[in-house]
Amino acid sequence: MSTPPADRPHRLSSAMQGVIDRMARAARPALHTLTPRQARMAYAAGAGVLEINRPELPFVHDWLIPARDGAQLPARLYKPVLSASQPVLLYFHGGGFTVGSIDTHDTLCRSLALQSGCAVVSLDYRLAPEHRFPVASNDAWDALAWLLVHGASLGLDPKRVAVGGDSAGGTLAAATAVEAALRGQPLALQLLFYPGVSAHQDTDSHRRYAEGLVLEASHIQWFFGQYVHSREEREDWRFAPLHAPDTEQLAPAWIGLAEFDPLFDEGLAYADKLRLAGHSVDLEVYRGVTHEFIKMGRAVPEALQAHRDAGAALRQALNPTE
C-alpha cells in the first residue's frame, strides 16, 4: 500500500509533463466550451491517443441490459479465458456523467480483464444533460442487479462480483457498492480510480490543481452542471458517497489516486471514512501524474503500474484461493 505524500513536491513526472506540454501545443477547445454532443465527439476522438495497444481477448460480446424504465443499456463483456463461471468486474467509465462510453474505455477494460484474469462487463449508462441525476446511478444499480440474476447465462459467477470505475464512474461504483450493502448484497470489491465522492469541490487539492492540468475546475463545474441541479442532489450520497450511511456489509475498497488531481483530497477522505468505519481499504497514490493518467499507458509508465495493481487487487478479491 502506498501512503499519501507527506508534502507534495508540486512536480509532475517528466512523462506527465510531456503530455501536458503536448496538450497545450495542440490547443484544442476545452470540453466546457462545447455542447455536450460536441464534447462527446471530442473526448471520443482523443480517448485512444495515449492508450496502450489494444489487448486481444478470446471473447468480447455486446448486448443490452434492461433498465427499470424500459431503456436498453449497451454493455460489453470481456473474457480473458473461455472457462465457465468466471468472476466479474462491472465497470463504469469516467467522463463527468456527460462524456465517455464503452468505446472510450475499451482498451482499459481489456487491460483490466487481462491483468486480473477475470471477466469485465463495461456499461454504457445514460449521460447528462439528456439524463440527469439520478439516472446514471439507477442504471448502474440496474446493471448490477441484472448481472446477479442473469450473469450465469453469460458464464459469469454471481457470487464473485466486483464493481469499479474511474472518476465519475468511480462515483457510480462507490454508490453502487453502498446500495448493494444496504440491500444485503455482498460484493467482493469496489475498485475506484480517482473517484469523485464529495458534494462540493472545496478542498485544498481542488484549489491547488484548478488550472493547467488535465482536469480543471471549469471542466468539473460544467460536467456537474449538466448532471445535478440542486444542493439536495449534490448532497445525495448517490452523487457524493462521502455522505453515504455506513453499513457493515460494505465491500472492501481498492482506491488508486493521482497525486496532481483536483479529486485527490476527497479520495483520501473517502479512504479515511471507510477505514474509520472498519472497512478494508487498499490505497495507492501514483505520484507525479494527473487525472485520467490510467488511459495514458503509451506515454505514462504509472498507468501500466496502476493497471497491474488493479488487476492484482481483483485477482485477490475475486479468486482468493488462487
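By class, 27 nonpolar, 14 polar and 7 charged residues make up the lining of the largest pocket. Keep in mind on this tour that the model is predicted.

**Stop 1: the largest pocket**

Start with the space itself. The largest pocket holds about 1,200 Å³. Its lining counts 48 residues. Select M23, L31, Y43, V214 and E292, the lining residues closest to the pocket centre.

Now colour the helices around the pocket. Select α1 (14-26), α2 (36-46), α5 (168-182) and α7 (217-227); each supplies at least two residues of the lining. Which helix gives the most to this lining? Turn to α1, which gives 6 residues.

**Stop 2: the second largest pocket**

Move to the second largest pocket, with about 190 Å³ of space. Select its lining: L189, P252, A253, W254, S280, V281, D282, D309, A312, A313, Q316 and A317. By class, the lining divides into 8 nonpolar, 2 polar and 2 charged residues.

Next, show the elements behind these residues. Strands β7 (253-260) and β8 (281-290) each supply at least two lining residues, and so does helix α10 (301-318). The largest share comes from α10, with 5 residues.

**Stop 3: the nonpolar cores**

In soluble globular proteins, nonpolar side chains tend to be buried together. Here, the largest nonpolar core has 73 residues. Select L90, F92, V121, L123, L144 and I255, the members that touch the most other members. Helix α5 provides the largest share of this core, 9 residues. The α5 helix also supplies at least two residues of the largest pocket's lining.

Centre the view on I255. Leaving aside residues up to four places away in sequence, I255 touches L192, P195, Y270, A271, V281, D282, L283 and E284.

Then look for a second, separate core of 39 residues. Among its members are L12, L89, L189 and F193.

**Stop 4: A145**

Finish at A145, in helix α4 (residues 135-150). Is A145 buried, partly exposed or exposed? Its relative accessible area is 26%. Buried means under 20% and exposed means over 50%, so A145 counts as partly exposed.

Technical notes. Residues numbered from 1 in each chain as written. Predicted model: local features only at pLDDT ≥ 70, side-chain atom pairs only at ≥ 80, totals over all residues. Heavy atoms only, no water. 1 Å grid on protein atoms, 1.4 Å probe; cavity = no way out; pocket = protein on both sides within 12 Å on 5 of 7 lines; lining within 4 Å. Points joined across faces, edges and corners; volume = space filled by probe spheres on them. Helix = DSSP H or I, 4+ residues; strand = E, 2+ residues; numbered from the N terminus. Nonpolar A, V, L, I, M, F, W, Y, C, P; charged D, E, K, R; others polar. Core = buried A, V, L, I, M, F, W, Y, C linked by side-chain atoms within 4.5 Å. Buried < 20%, exposed > 50% of the residue type's maximum accessible area, 1.4 Å probe, protein only. Contact = heavy atoms within 4.5 Å.
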